[in-house]
Amino acid sequence: MSRQQIAAGNWKMNTTPKAGVRLASAIAKRKRPEDVLVIMASPFTHLAAVSEAIKGAPNVKLAAQNCHQSESGAYTGEISVDMLKSVGVSYVILGHSERRQYFKESNELLAAKVNTVLTKKLKPIFCCGEELKVREAKRHVRYVKKQLKEGLFHLSAKEIVKVVIAYEPIWAIGTGVTASPEQAQEMHAEIRQLLAKQYNQKVADSISILYGGSVKPANAKVLFGQADVDGGLVGGASLKATDFVQIIKSF
Ligand code: PGA
């Protein structure tokens, strides 16, 4: 079963619009494997300009890092899916651990955001992953299962195949510590089994599951070489065009 391979860059709260456009253009015009889908998640302020910069580049898509669950209304400081769509966004990262941790986003809230994104025909990149103490207590599989059950499993089979899942152990994000290829594979296989149980094998086999947490040019190849790892959600290393392109070429 061939699944879509994806290299997604999460710029977080970094770059100016000018630097973001420069970064996106450099990545978009570099020679890279045609079958790898490249996604760039820029800050809101750069989305329109980055969208222009990547126009026409094959297999390059734009993502937002968050959205509001309501269509519109009195939500000062928030952004709607329609607004994102109007500037060329096709994916929305939801439930990143930084959103869960610093902005107290719950699985219940994320389920609502997932619904809004899908209703508007955009695709969620749904993040899950455990803290170090959860892994040390060997409760990581159970923990991630709960996040998926509460955040995604209300969807129908037709809906869930539009979702990209990103497994990002919190202890590996921005720390320089990467999960070992075996640790990543173990969790990805668990997630796929869970999808097969909840839906069916065909659904499970069609969903791309990305690994995130200190993915770098030096470790991307071995991580992406795991049977159930279909790519990466990359933070720090997505901010340097040469590093990110090297990661894109690691499949
Ligand atoms: P990192 O971030 O690659 O800098 O660890 C990954 C992420 O938060 O998506």
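By class, the shell around the ligand is made up of 4 nonpolar, 7 polar and 2 charged residues (Ala, Val, Leu, Ile, Met, Phe, Trp, Tyr, Cys and Pro count as nonpolar, Asp, Glu, Lys and Arg as charged, and the others, Gly among them, as polar). Before going on, keep in mind that this is a predicted model, where local features need pLDDT of at least 70, side-chain atom pairs count only at pLDDT 80 or more, and totals for chains, interfaces and linings use all residues. Residues are numbered from 1 along each chain as its sequence is written, and side-chain values use heavy atoms, with hydrogens and water left out.

Who comes nearest? Of the 13 residues around the ligand, it's Lys-12, His-96, Glu-168, Gly-174 and Ser-214 (a residue counts as near if one of its heavy atoms lies within 4 Å of the molecule).

Now for the polar contacts, meaning pairs of N or O atoms within 3.5 Å. Glu-168 uses its side chain: an N or O atom there is 2.6 Å from a ligand oxygen. Ser-214 works through its backbone instead, with an N or O atom 2.7 Å from an oxygen atom of the ligand. Gly-236 also has a backbone N or O atom by a ligand oxygen, at 2.9 Å. On its own the ligand has 280 Å² of accessible area, and the protein covers 94% of that (Shrake-Rupley method, 1.4 Å probe).

Finally, the loop. Gly-56 sits between helix H2 (47-53) and strand E3 (60-64); helices here are DSSP runs of at least four residues and strands of at least two. Is Gly-56 buried or exposed? With a relative accessible area of 75%, Gly-56 is exposed, since exposed means over 50% (1.4 Å probe, protein chains only) and buried under 20%. Gly-56 and Lys-29 are 27 residues apart in sequence, and their C-alpha atoms are 9.9 Å apart in space.

Methods
Polar contact = N/O pair within 3.5 Å; in protein donor to acceptor, adjacent residues only side chain to side chain.
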